[in-house]
Structures are given as C-alpha cells and as structure tokens.
Amino acid sequence: MTIDLVLRGIFSTFFLASVLRICTPIIFPSMGGLVAAAAGVSNMALEGIMLWGAFTGVFVSANTGNVWLAVLAGCLAGILVAMLLAVAHLRFGSDRFLAGLAVNLFSSGGTVFLMFSLIGEKGNTSTLASLSVPNVVIPFIHDIPILGQILSGHPVFTYIAFFSVWVIYILMYRTRLGVHMRAVGENPAAATTLGINVHRVQYIALAISGLFAAMGGMSLSMAYLQMFQREMAAGRGWIGIAAVNLGALRPIPTLIAAMIFGFADALANQLGSLKIPTQLVQSIPFLTTVIGMAVYSIQQRRVAIERRKKYASEHYDEMPEEATQL
Amino acid sequence: MKKFFDSNNVRSALRIILALTIGLTFGFIITLLVSDDPIKAYTAFLTGPLSQLNRIGDWLEESLTLIFLGLAVTIVFNAKQFYIGLEGQMILSALASGTVALYLPVDPIIRVPAAFLAGMTVSVLWAVVPAVLKAYLGASELVTSLMFNSIALRLFEYILRTYLQLPHVNGIMSERVPEDARLTTFIPNLPFLQETREAWTKATSVSWMVYVALGAVLLAYLLLYKTKFGYEIRAVGANAKFAKYGGINVNRTIVSSILVSGIFAALAGTHLVLAITQRVVQGMAFGFGFEGINIAILTGNNPLGVPIASLFYGYLRAGSDVMERVSDVSRELVFVVQAAVLLLLTAERLLPVVQQVVTTDEEEAAHLKKGSVK
Amino acid sequence: MPLIEMKNISKIYDNGVVANDHVNFSVEKGEIHALVGENGAGKSTLMKILYGIEQPTEGQIIINGKEVSFRSSLDAIDEKIGMVHQNFMLIPSFSVADNIVLGNEPLQNNKLIDKKRSVEITQELSKTYGLNVIPEAIVDSINVGMRQRVEIIKMLYREAEILIMDEPTAVLTPQETQDLFSAIHKLVDQGKTVIFITHKLREVKEISDRVTVMRLGKVIGTVDTKDVTREQIANMMVGREVFLDIKKPDINRGEKRMEIKDLTYVSETGTPVLRGVDFNLYSGEILGIAGVEGNGQTELVEVITGLKRATGGEIKVHEKNILNHTPREIRMMKVAHIPEDRLTNGVAVNASIEENLIVDRYFKKPLNKGLLMDYKEVDKHSNALIKQFSIKTPDGKLPVSSLSGGNMQKVVVARELSSDPYVLIASQPTRGIDVGATEYIREQLVQYRTDGVAVLLVSADLGEVMSLSDRIVTLYEGKITGVFPDASKATEEELGLYMLGLKEQTPEEMEKVL
C-alpha cells in the first residue's frame with residue numbers, strides 16, 4: 001500500500017513542480033563549480049559561499065526593504081569570498097583544497113558569528129523580517145492544465161538557474177573568455193604561449209563560480225525559506241562538486257547530474273511524509289552521489305577493456321586473459 | 001630533533017608563528033568591531049581556560065579529542081589522500097562505544113575494552129567504501145568521504161532518536177553512561193596525590209585517555225617513520241608513480257592508510273562519549289572534523305607536533321567557550337580565527353611575497369619572484 | 001643585413017649550468033637554417049631565448065636592424081616570430097580550427113566567436129601553404145603529422161615571418177617528413193624564413209641552406225650546407241670521431257635470460273601500440289632498441305616492468321611467465337629498471353636521497369627487522385652507495401631535489417645496479433644529463449654487461465644505441481622490423497631505413513638471430 005502512495009505522490013504535478021524548485025539550489029553551485037573546474041581551479045568552497053550568499057541576502061533585504069538590492073549584495077558577497085579563495089590560491093600558492101576548506105570553515109563559523117552579533121540569535125533569522133523573491137507566473141503557460149502547474153509559478157531563482165545553464169554554455173563555447181578558460185584548464189602552458197593570461201582568466205572563473213554559488217544560497221534563504229539558518233546549505237555545495245565530477249566538464253551532463261541529485265532530494269522529502277525515517281531518506285542524495293561516482297568509474301573502465309578485447313581478438317587465436325583486465 | 005636549528009625548520013616555525021599571530025590579531029580586530037567590551041571578551045578568550053580548574057579540564061579534554069583527530073588526518077595526509085571522513089567515523093564510533101558501554105551486559109572490565117573495540121570496528125568499516133572507491137576506481141575520496149560524513153550524521157541521529165533516546169527529556173540524548181564505564185581520572189591513585197586526584201575528579205573529567213593519547217602519538221610516529229608500512233605510506237604520498245615503480249602496492253597502501261587512520265578517529269569518538277559528554281547526544285561532534293585537518297596542516301603532517309597543536313587549538317576552543325559565557329561574543333569566532341590561520345599556513349608563497357613587497361633590493365626581488373621557496 | 005642577429009648571447013641558470021656561452025647566431029631572410037648539436041648543446045635554449053620563453057643573461061637580439069627585448073613569447077609573436085615546439089602546445093579537446101585561432105578568435109559583431117570564420121581561416125591558410133588539415137577534427141584524434149601542421153598554421157595565423165621548428169621530424173613517419181619538407185619549401189617560396197633544430201644530419205643536408213653547429217653551449221661554426229659533408233658536421237658536433245669511443249671488452253654471451261613472445265598492448269585510447277613483439281635477452285649482452293620515439297618503446301618498457309598491462313603475449317624469466325605481474329614480483333625476479341623519466345618514476349624529489357635509494361628493498365633485511373625498520377642501516381646503505389657511485393652530495397638525508405639532473409640519475413642508477421640484477425632494462429639512461437654523468441653511466445652499463453647481466457637498452461640517441469649495444473633490433477609501429485646481430489657492422493643509414501619502416505626483415509630471417 002505504501003508503494004502505491006509513493007508512486008501516486010511521485011507522479012503528481014505537485015511533486016514534479018517541487019523537483020524543479022529543489023533542483024535550483026543544486027544547479028547553481030554545480031554551474032559555478034563547472035566554470036571554475038573548466039578553468040583548472042575547481043572551487044572547493046562552494047558550500048561556504050552559498051552560506052554567505054544566503055546570509056547577505058537576508059540581512060540586506062531586512063535592512064533595506066529592497067529585495068533586488070539584497071540579491072545584488074548577495075552576489076557581491078559571493079564574488080568577494082571567491083576572490084579571497086582566488087588570492088589565497090593564485091597569488092599566495094595555497095593548496096586549492098585546503099584553502100577551500102578554510103573558506104568553508106570561515107563561512108560556517110563566520111555566518112553564525114555575525115548572525116549572533118547582529119541579532120543575538122544562533123539558530124536562524126526567523127525574528128528578522130527578511131524578504132523573498134517573487135514567484136514568476138508565465139502568462140500563457142500557467143493556464144495549460146498539468147504542464148502549467150509544473151512549469152509556472154516558481155520563484156524567479158528557479159528560472160534563473162535553468163537559464164544560467166544556457167548562459168554558461170554560451171560563455172564556455174562561444175565567448176573568448178570562456179574558450180580561454182577551457183584552454184587554460186586543459187593546457188595552461190599552451191595558453192600562455194599564445195598570450196592568454198592564465199591567472200587573470202582563473203580569477204574571473206572563480207569570481208563567476210562565487211556568483212553562482214551565492215545565488216544558490218539566496219535561492220535557499222530568499223525563496224525556499226524566508227530566512228537564514230545555520231548550515232543551511234546542508235551539503236548542497238558538496239553535491240554541486242560531485243555533479244561537476246560526473247559532468248565531464250560539460251554543461252548539459254553537469255545539469256543532468258545535478259537534476260538527478262535534486263530528484264533524489266525531492267524524493268527524500270516525499271518519502272518523508274510516509275513512515276520512512278527522515279534521516280535515512282535525507283541520506284538518499286548523498287548515497288546517490290557515491291553510487292553515481294562509482295558507476296561512472298566502472299563504466300569508463302568497461303569501455304577501456306572493450307577496446308583491449310577487440311584488438312586482442314583480432315591478433316590472437318584465443319582471447320588471452322590479460323586482455324580482459326585493465 | 002637534531003636538525004631543529006636547520007634553516008628550513010626555522011623557516012617553518014617562523015611561518016607557523018606568523019600565521020598564528022596574524023590569526024589571533026585578526027580575531028581581536030573582529031572582537032573590537034562587534035563587542036561592547038572587547039577587552040573583556042578577548043581576555044576571556046585568551047586566558048579563560050586557565051582561570052578555573054574545570055576550565056583547564058575542559059581545555060585538556062578537548063585537546064585530547066583533537067590529538068586523536070589530528071593523528072588520524074596526519075596518517076592519510078602523509079599518503080596524500082584527501083580523505084576527510086573523520087567526522088563521520090568519530091560520531092559513529094561514539095555511538096557504537098556509547099551503546100556498548102550502556103547496554104552490553106558484562107562486567108566493566110570487559111565492557112570498556114569492548115566499547116573501544118566497537119568504536120574502532122565501526123570506524124574502520126565506515127571508511128572501507130570511500131577507500132576502496134578511491135584506490136580501485138579512482139573516485140575522489142574528498143567527495144565520497146564528505147558524502148559519507150553527511151550520511152553518518154543522519155544515521156547517527158536516526159539511531160539515537162529511535163533506539164537510544166531518553167524519554168521525557170528536553171533534548172536529543174541517550175542515558176548517561178553508567179559510572180563503571182566512565183573513564184576515571186588520569187592522576188594515579190597514589191597516597192600523596194589523593195588531594196589533587198579529588199580536586200580534578202570533582203571539577204573535571206580528564207581521564208586516563210591522556211595516556212592513551214600520548215601512546216597514540218608515539219604509535220603514529222613509529223608507524224609513519226619507523227615501519228615499512230609507514231615508508232610505503234610516505235612513498236605513495238611523495239610520488240605514487242615512483243612508489244608503484246619501486247614495487248609498492250599503491251592501492252593496498254591507500255586503502256590501509258585510510259583504514260588505519262580510522263582507528264585513531266575512533267579513539268576520538270570513544271573519548272568523546274565515555275569521558276566528555278558521557279552520553280550519546282545530538283551534535284556532540286560538531287566542528288571537530290575540520291579541526292583535525294587544521295592540526296595536521298599546522299604540524300606539517302608530523303605526528304610529533306600534534307600534541308602541541310592540539311593543545312593550542314583546544315585552548316582556543318575552550319577559550320571561545322569561556323568568552324561566550326562571560327561576554328557578548330559568540331564562540332564561533334574561534335572558527336573564523338582558525339580559518340584565517342589555515343589560509344595563512346597553506347600559503348606557500350606567503351613569506352616570499354611578503355619579502356618581495358618589503359624588499360628594496362631589485363635583484364633579490366626578481367630572484368624571489370622566480371624561485372620557489374621550500 | 002641579416003634578418004635575425006643574436007649577438008653575444010649567454011644564458012646561465014641559477015644552478016650554475018651554462019646553457020649558452022657567448023653565442024653569435026644570425027639568420028638571413030628567406031633561408032632555411034639548420035641548428036644542430038647533441039643533447040644539451042644549447043640549441044633549444046638559444047631558440048627559447050629567441051622566442052621569448054627565456055631571458056638571456058647577457059647579449060642582444062636584433063631583428064631587422066632593430067634591437068628587441070622579449071619579456072614573453074607574446075613579444076616575439078609581435079615581431080613575427082613563431083615557434084613550433086617539440087611538445088605540441090595544443091588543447092586536445094578543441095578542434096583544429098579552435099586551436100589555430102586560440103588567443104585571437106574571430107568575433108561575430110564583436111561579441112561571440114565566429115566559428116564559421118575560424119574554419120574559413122583555417123582552410124585559407126591550409127591551402128595557401130599546402131598544409132593539409134581537417135578544420136573540424138578534434139586534436140585528440142588526429143595523428144602527429146597533422147598536429148604539427150596545426151602548430152605551423154597557428155603561427156602563420158599570427159603572421160609569423162620567421163618559423164622556429166624544434167626537432168620537427170622526431171615524431172614523423174618518412175612520408176610525413178617529406179610532406180613537411182615540401183611545406184617548408186612552400187613557406188620559403190612565400191617569403192618566410194625557417195630555423196630548423198635537429199640532430200639528424202641527413203635532413204640537414206636535404207633541406208637546409210646553412211647550418212650552425214653548437215657544442216657545449218658554444219657555436220662551433222656556421223657553414224653553407226653545400227660545402228660540408230655529414231661527417232664534417234658530425235665532427236663539429238662531437239669534436240672527435242662520430243661515434244663515442246667506448247672501450248668494450250669482447251662479448252661473452254651466455255644463457256638466455258628473458259624471452260619475450262608476441263607481446264601486444266592497446267593504449268587507453270584504443271590504439272594498438274605494441275603489435276606482437278618478440279625478442280630475447282642474453283647474459284653478457286646489451287640489446288639495443290633503435291626506433292623513432294613514439295613507436296612503442298616507452299610502452300614496451302612499461303609492460304616488461306609491470307607498470308602497464310599487456311593485452312597478451314609472454315615474458316619469461318627463469319622459465320616463469322611474468323607477463324602482467326606486479327612491479328614487486330618482477331623486481332623479485334631480479335629485473336631492474338632505469339626508467340625513461342626519472343622525475344616521474346625514478347625518484348620522489350621531495351624525499352631524501354637515502355629513502356629514494358631503498359624503495360625496492362626497504363622491507364628486506366637488514367633494513368627492516370621484524371616490526372621496525374633500522375634507519376641506522378639505511379644510513380650505512382645509502383652512504384655506501386653515494387660513495388660507490390660518486391653521487392655529489394654532502395648528506396644522504398637531503399632531498400633528491402637538491403641534486404643536479406646527472407646526480408639524480410646516478411641515484412636511480414645506483415639503486416638499480418646495486419640490486420644485483422639478473423636483467424637490466426635501461427630506458428633513455430643518459431637523457432638530459434651532463435657529459436660527466438653520461439660517461440659514467442655508460443661505463444657502468446658496459447661494466448655490468450661484461451659481468452654477465454642481460455641489458456636492454458632503449459634510447460632515442462642512435463649514436464648511444466649503436467656504440468653501446470652488442471646487438472640491435474629496430475622497432476617500428478609496435479613491431480620488431482629488423483635484427484642486427486653485430487652492432488658494430490650496422491650503419492646509421494641501414495638502421496634508419498628499418499626505423500622508418502622503409503625496410504623490413506622477414507620473420508624467418510629474424511627468428512634465427514632474435
């Protein structure tokens with residue numbers, strides 16, 4: 001009986017709509033991570049930057065009453081923190097991972113610290129009258145029976161998230177900057193001999209990744225919820241990194257990976273309303289990530305082995321055992 | 001030790017001191033900005049742990065946990081594996097040890113060691129998947145261990161709430177660990193120490209884990225620098241291709257290094273549950289994971305430096321607790337300071353760049369710009 | 001007035017190595033000028049200076065009568081100098097056209113990249129200079145010859161008038177080499193100037209107008225190519241007889257020590273790199289493998305020593321098949337390996353010299369006793385080796401990075417030779433190291449061979465192969481194409497034909513002497 005309920009739940013428009021919304025804070029850090037990784041400077045601090053974006057957006061909106069000013073502020077915060085990481089790594093030679101971990105530590109501690117200092121709370125900002133971004137109702141589409149409910153009425157960040165995939169695609173493949181980023185990521189020596197300033201390109205890549213991560217954070221504190229909570233990124237920054245790992249540095253596969261994780265997250269919420277313990281269900285996205293990575297690696301090995309076997313079958317009369325292994 | 005005054009070591013020490021000083025100064029500046037009474041706050045931060053015996057106890061206890069974590073990270077970092085699953089391992093060990101201590105129906109003389117063993121088993125098993133995925137499939141251990149951390153935290157919460165939760169209390173926690181399983185004080189039961197013993201037992205819960213910790217440090221040092229296993233770990237960390245070429249089984253070494261470090265992470269968890277919190281409680285391990293990493297970095301992945309670094313960070317942690325209690329500054333400041341220190345420490349080129357800015361000699365500046373300083 | 005004049009150029013590196021010693025070098029417009037010299041003669045350095053990658057310690061560069069100073073290769077490109085490197089500077093996942101326009105992509109309306117235009121530009125340049133490339137092809141999938149043409153077109157796109165080519169034929173097949181030469185002639189017809197770094201004397205004679213010979217950082221002389229013979233050039237390069245004068249005791253060949261049969265290996269990208277290799281190694285003999293780099297030598301060594309998995313075949317030592325066994329097991333069979341790339345495989349640069357010396361024996365007595373290792377013994381062991389092999393260092397506990405290239409290689413050699421090998425695989429043993437260390441290592445190889453070790457020598461230095469080996473086989477496209485049982489009777493020309501796949505012995509001919 002429970003499976004019945006689950007299935008009915010999954011195929012409801014409500015659920016599918018929620019999938020899109022839940023994917024939003026995962027797509028943002030994934031796209032940000034993609035740009036940085038493509039330029040050879042994978043950003044390990046996405047989780048932390050998300051927190052700063054979420055935090056800044058809430059506090060600026062509560063203090064200025066202007067939600068767009070808050071969004072701008074959040075974006076700037078994200079870029080600034082990313083620049084901190086960039087300077088540490090590019091100028092001062094910090095190891096990328098360690099500097100990223102340091103920034104994450106700074107972010108999770110710093111946001112709670114500031115929250116307490118500013119409003120005396122350590123858990124969340126529910127006492128603050130912060131704003132959230134408007135939902136977007138798409139004129140025509142909204143009236144289509146099922147599709148309308150799924151596609152329309154989301155917070156503006158959701159649309160920005162999906163739109164940004166296209167923007168990133170154009171950036172990476174059709175602009176000089178993006179092409180240079182990819183060149184730098186693949187062969188910095190070659191790029192240098194052609195006059196591309198490797199560091200400059202990498203700084204910009206990190207700034208962009210900070211921008212997107214911050215938007216991911218704001219999509220949590222100014223859309224999903226209307227407040228900032230300590231540790232509210234809840235691992236999405238790391239999931240973003242995992243999505244980039246699976247996405248082979250290309251926008252569409254990265255988007256697909258992010259959506260798979262988002263789907264798992266949404267599923268976790270759905271199953272939570274049944275008698276399945278929330279914690280185990282919340283673990284699904286993380287488990288999915290690990291399984292996804294394992295499957296990916298195994299797949300790659302399989303392809304390589306197939307190639308070996310093909311040649312061996314042509315050369316030898318009997319297939320040697322060696323050819324079936326890597 | 002004999003190469004202590006070698007210029008390289010002096011450079012490293014200088015860097016560490018510089019980083020710590022800047023970090024602490026940075027913390028003070030922030031305190032100035034947010035606090036109504038910054039002097040009081042920062043004084044509490046810097047001297048708080050020494051002011052009362054129970055605070056000294058807190059300091060030492062936290063440091064012990066950090067020692068185990070620092071050792072765990074040091075081992076994997078020596079193999080250049082970015083495995084950071086110690087937070088998850090620690091919390092699950094705490095759960096396992098606590099459960100055994102609470103419910104295993106045997107004499108404490110068996111129950112306590114069993115608790116330790118349970119913790120270690122769980123911790124090592126929890127590391128198997130990320131370790132194997134990295135060694136044999138090349139999957140990023142950074143990402144998988146982080147995922148496993150998240151899963152561990154939720155698994156911990158689930159088991160705690162469902163099976164161990166104390167009814168009718170405000171808070172997510174288990175029963176208190178029975179007296180006979182709590183670790184007793186580290187001060188030996190000798191006639192002339194009775195007074196000290198009583199004072200310490202009343203005010204603190206610093207246990208004989210002190211000796212275990214010291215033993216662990218020695219063990220880690222011997223392991224890394226005096227055994228063939230340690231040689232393999234360091235060879236793989238120095239140049240995995242070289243290690244393979246020389247005949248070392250790199251995959252096996254990667255897996256073993258991660259599993260062995262799990263034993264140390266387990267000690268941290270067992271220590272937490274049997275000595276510090278004395279019950280299984282939600283959030284008991286918050287923030288410890290990354291501190292282990294901080295410590296390993298601070299010591300340059302050398303086990304011998306871990307006790308000092310741990311005492312230092314433990315002091316900061318305890319200090320931040322005192323500060324929060326007596327002033328209007330929240331304890332998270334310590335994380336901000338630690339982050340700053342970590343950033344400064346990992347900045348390989350920090351000293352040369354600073355020198356470059358300061359130096360007036362053009363030639364030396366150009367030389368510095370080109371050269372790499374080890 | 002010459003187009004390019006390099007006057008009194010010196011380059012001294014931080015570690016004291018004098019790469020260029022008061023060099024005077026000039027190039028006339030429209031000529032094809034060959035720059036020759038042995039490994040380490042300084043020719044690459046000189047060109048790196050001309051291309052702005054390195055800065056000279058002393059001296060001037062004058063182009064078209066104007067003195068210039070290059071802070072980076074960008075400046076050199078501005079002066080219309082282009083360089084085609086030995087290691088291609090291409091982005092593997094980009095297409096040919098993308099690589100060619102990289103850094104200066106054509107824009108549509110000044111905003112987005114005009115991909116169509118990139119392809120057009122590529123086609124135009126390709127046609128004008130007769131350099132055949134496929135604009136849309138992904139660089140990862142095209143062959144070496146085309147990659148090189150892409151590099152050349154890249155420079156032409158930037159309006160290079162002077163093209164520096166660094167060992168361009170090192171990785172080409174004979175047909176591709178001829179194609180390259182016609183392309184070079186076409187370039188010159190269009191008014192370009194070409195500087196051609198090489199150590200292949202036949203090519204110097206075939207294509208160049210003038211040749212400059214360098215040795216040990218100095219210019220020995222510049223002559224018109226038509227006025228010199230290859231032997232004369234060679235003598236200028238080496239300063240003595242063309243082939244090194246290594247005193248080798250007569251060969252005393254013993255039992256068969258390693259038997260390799262039908263060895264195949266497919267790379268990760270699916271290319272069959274070894275297509276059925278057969279040969280044997282005998283005690284007391286150095287077997288040299290001659291071949292243009294990229295024909296499978298690297299993979300052959302890696303497969304024999306257990307670093308890569310073969311697809312099939314047999315490697316027998318002591319009657320046991322060790323194919324695809326682990327490096328540890330292979331070393332246990334007393335097969336030692338001097339690797340081609342010491343920095344990647346041979347040493348761990350940040351580890352100490354003594355720890356580098358024990359990677360194959362740290363677990364054996366007396367270095368390891370039961371639970372703990374005995375570092376006093378490790379100390380003794382490393383000090384003994386440092387002395388025996390004259391490794392220049394004050395302290396065995398210093399990191400390997402403190403050593404010069406030659407001494408690093410000595411560490412590798414010391415370790416491998418002191419393992420009492422039954423078979424020794426030596427891959428590019430003297431690459432990139434100073435003359436003193438080179439001589440020493442070659443002597444050691446001969447010594448161990450005379451003492452009975454079976455030695456496999458793989459080297460891109462044909463002179464080295466010919467003078468050190470007792471027997472030579474040629475490797476072409478993953479197969480042994482010829483066996484020369486008496487190395488002293490082989491000639492460079494004949495070997496060259498086999499190395500380039502122009503001639504091939506039949507399996508029956510080879511079987512007798514393999």
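## Chain B: overall build

Buried residues account for 55% of the 374 residues in chain B. The model is predicted. Chain B holds 16 helices and two strands. Its radius of gyration is 22 Å, close to the 21 Å that the globule rule gives for 374 residues, so chain B is as compact as a globular protein of that length.

Along the principal axes, the C-alpha atoms of chain B fill a box of roughly 75 × 60 × 45 Å. Take the contacts in chain B with a separation of 6 or more: 74% of them join residues 24 or more positions apart.

## Chain A against chain B

Here 40 residues of chain A are in contact with 37 residues of chain B. On the chain A side, five elements each supply at least two residues: helix 4, helix 5, helix 11 (236-246), helix 13 (278-282) and helix 14. Helix 5 of chain A gives the most, with 15 residues.

By class, the side of chain A that touches chain B divides into 24 nonpolar, 13 polar and three charged residues.

## Chain A against chain C

In this interface, 25 residues of chain A are in contact with 25 residues of chain C. The elements of chain A that give two or more residues to the side touching chain C are helix 8 (176-186), helix 9 (188-193) and helix 14 (284-315). Helix 14 of chain A gives the most, with six residues.

The class count for the side of chain A that touches chain C is 13 nonpolar, six polar and six charged residues. Helix 14 of chain A is listed for the side that touches chain B and for the side that touches chain C.

## Helix 3 with helix 5 in chain A

Helix 3 (residues 46-64) of chain A packs on helix 5 (residues 96-119) of chain A at an angle of about 20 degrees, and their axes are 7 Å apart. The angle is under 35 degrees, so helix 3 of chain A counts as roughly parallel to helix 5 of chain A. The crossing of helix 3 of chain A past helix 5 of chain A is left-handed.

Helix 3 of chain A brings Glu47(A), Gly48(A), Ile49(A), Leu51(A), Trp52(A), Phe55(A) and Phe59(A) to the contact. Helix 5 of chain A answers with Val103(A), Asn104(A), Phe106(A), Ser107(A), Ser108(A), Thr111(A), Leu114(A) and Leu118(A). By class, this contact between helix 3 and helix 5 of chain A has nine nonpolar, five polar and one charged residues.

## Helix 4 with helix 10 in chain A

Helix 4 (residues 67-91) of chain A meets helix 10 (residues 198-224) of chain A at an angle of about 140 degrees, with axes 7 Å apart. That angle makes helix 4 of chain A oblique to helix 10 of chain A. Helix 4 of chain A passes helix 10 of chain A in a right-handed crossing.

The contact of helix 4 with helix 10 of chain A has 18 nonpolar, seven polar and no charged residues.

## Helix 1 of chain C

Helix 1 (residues 43-50) of chain C is mostly covered, with eight of its eight residues buried. The buried residues are Lys43(C), Ser44(C), Thr45(C), Leu46(C), Met47(C), Lys48(C), Ile49(C) and Leu50(C). Just after helix 1 of chain C comes Gly52(C), with a positive phi of about 85 degrees.

Conventions:
Residues are numbered from 1 along each chain as its sequence is written. Chains are lettered from A and ligands numbered from 1 in the order in which they are written. This is a predicted model: local features need pLDDT of at least 70, side-chain atom pairs count only at pLDDT 80 or more; totals for chains, interfaces and linings use all residues. Axes are lines fitted to C-alpha atoms, for helices over the stretch in contact, and angles run from 0 to 180 degrees between N-to-C directions. Helices (H or I, at least four residues) and strands (E, at least two) are DSSP runs, numbered from the N terminus. Angles under 35 degrees count as roughly parallel, over 145 as roughly antiparallel, 65 to 115 as roughly perpendicular and the rest as oblique. A crossing is left-handed if the near helix is turned anticlockwise from the far one by less than a right angle, and right-handed if clockwise. Ala, Val, Leu, Ile, Met, Phe, Trp, Tyr, Cys and Pro count as nonpolar, Asp, Glu, Lys and Arg as charged, and the others, Gly among them, as polar. A residue is buried if 20 or more other C-beta atoms lie within 10 Å of its own, exposed if 12 or fewer, and partly exposed in between; C-beta atoms are placed from the backbone. Two residues are in contact if their C-beta atoms, placed from the backbone, lie within 7 Å. The radius of gyration is taken over C-alpha atoms; the globule rule is 2.2 Å times the number of residues to the power 0.38.
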